[in-house]
Amino acid sequence: MKLNAKYTVVACFIGIINQALVINFSPLLFTTFESELGISLAKISTLIAISFITQLLMDFTASKLPRLFNKRITVVIGQICASVGLISLAVLPSILPPFIALIIATVIGAFGSGIIEVMGNPIIEACPIDNKNKLLTFMHSGYCWGLVLTVALSTLFFHFVGIEHWRLLACLWAIVPAVNAILFSVVPIYKMEAAPAKKSKERSIFHSFIFVAFFVLMVSAGAAEQAMSQWASTFAEQGLGVSKSIGDILGPCAFALLMGLARVLYAKYSEKMNLYKFMMFSSILCVCSYLLAALSPSPILSLIGCAICGFSVGIMWPGTLCMATEQIPHGGVKMFALLALAGDIGCTAGPTAAGFAAELAGNNLSVGFLVSILFPLLMIIFISLITRYKKRHSPLERT
């Protein structure tokens, strides 16, 4: 049977699911790392930073990797690394000092997830299919469903099998990216067409106000999303005093469900929605959700705040990419790589700032969430600036 572009989209979708798996499986074990392996909250914050810094380095290099290996080999390597990272998480702490072992596993897994993050967008853009903005949003919803599956299935495993067997679960999860590596090896990978451009013109575009604005939006989107995503489980378990199962289901799982819902709703009704207004509404809602999570005297209301935050950040990342594609046509792999770099700067800064702020406040994550309000506030400012710019300028052309 000859595979077509639809299977390529499926492979990219599963790749984003794997990215969610690699990034969000460890946060479910932060309390376990603390009690079983003796890893402090500050060291856990360092692990989060290392994960996203590794992806930052991948954003610098991933757009050049296809020149060495071609796109197919590059994404296959990424999926294999994601699988090896999860296996390393299970095996290495028994062989090496725990913190060193977790660093190695984190770097390998983040290397793999960084590749699919950068390569997935241009691979979809190159596919000979219609409604690519919808497909991009749909593909990024895969991150949400991957997060839901990771949290829900892991929670069931911990409840029925026991959290002490988390190493076994890490090995079981490693099967998913391994299988997708096989899928990527057989689906068609298309060449992305880009309008020819002189280097001086290209340079001017990537130093223009509009690109810098999108860069800041991506930083803020990544930070607003991951500050809550990375710490919701620990916040529910330690800060709110609820059981791990209830905390994970009502915290990170509900967060992911509503984040996915926001992306699916936009993908379905994008032609009837004003993306800029939806982004502005989402940013304001994000501020409110962080305030509710941090300041509510009720654990249930705090968990509702965590969940609402998921809906508010859902459109931020893919929405920024869609706006950038509209305003900077033919940006190509370089544009997606630079915006992925921006997103990962935010993914590093958001949870790290929240973690260290919590540490300084006596392990109080409510303080960390209050600090995180800065990021949706930045989004409100720059969406306003981009909206004004859009009214006065036509989309940038690189021809």
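**Exercise 1.** In which helix is the place of Lys390? Determine also how Lys390 is classed by accessibility and to which surface patch this residue belongs.

*Solution.* The structure is a predicted model.
Step 1. Lys390 is found in helix 18.
Step 2. Its relative accessibility is 34%, so Lys390 counts as partly exposed. This class lies between the cut-offs of 20% for buried and 50% for exposed.
Step 3. Lys390 gathers with Lys277, Arg388, Lys391 and Arg392 in a patch of positive charge on the surface.
Step 4. The element that gives the most to this positive patch is helix 18, residues 374-392, with 4 residues.

**Exercise 2.** Identify the residues of the nonpolar surface patch, and decide whether Ile95 is buried or exposed.

*Solution.* 
Step 1. The nonpolar patch on the surface is formed by Ile87, Val91, Ile95, Leu96, Ile100 and Ile104. Together these residues have about 460 Å² of accessible area.
Step 2. At least two residues of the nonpolar patch come from each of helix 5 (71-91) and helix 6 (98-126).
Step 3. Ile95 is located in the loop between helix 5 and helix 6.
Step 4. The relative accessibility of Ile95 is 60%, and therefore Ile95 counts as exposed. The cut-off for this class is over 50%.

**Exercise 3.** Describe the surroundings of Gly109: state its helix, its accessibility class and its contacts beyond four places in sequence.

*Solution.* 
Step 1. Gly109 lies in helix 6, a helix that also supplies residues to the nonpolar patch.
Step 2. With a relative accessibility of 2%, Gly109 counts as buried, because the cut-off for buried is under 20%.
Step 3. When neighbours within four places in sequence are left aside, Gly109 is in contact with Val22, Cys81, Ala82 and Gly85.
Step 4. Ser83 is 26 residues from Gly109 in sequence, while the C-alpha to C-alpha distance between the two is 7.2 Å.

Conventions:
Residues numbered from 1 in each chain as written. Predicted model: local features only at pLDDT ≥ 70, side-chain atom pairs only at ≥ 80, totals over all residues. Heavy atoms only, no water. Patch = residues over 30% accessible without salt bridge, like charges linked within 9 Å, V, L, I, M, F, W, Y side chains within 5 Å. Areas by Shrake-Rupley, 256 points an atom, 1.4 Å probe, with all protein chains shown as cover. Salt bridge = Lys/Arg side-chain N within 4 Å of Asp/Glu carboxyl O. Lys, Arg positive; Asp, Glu negative; His and termini not counted. Charge placed at Lys NZ, Arg CZ, Asp CG, Glu CD. Buried < 20%, exposed > 50% of the residue type's maximum accessible area, 1.4 Å probe, protein only. Contact = heavy atoms within 4.5 Å.
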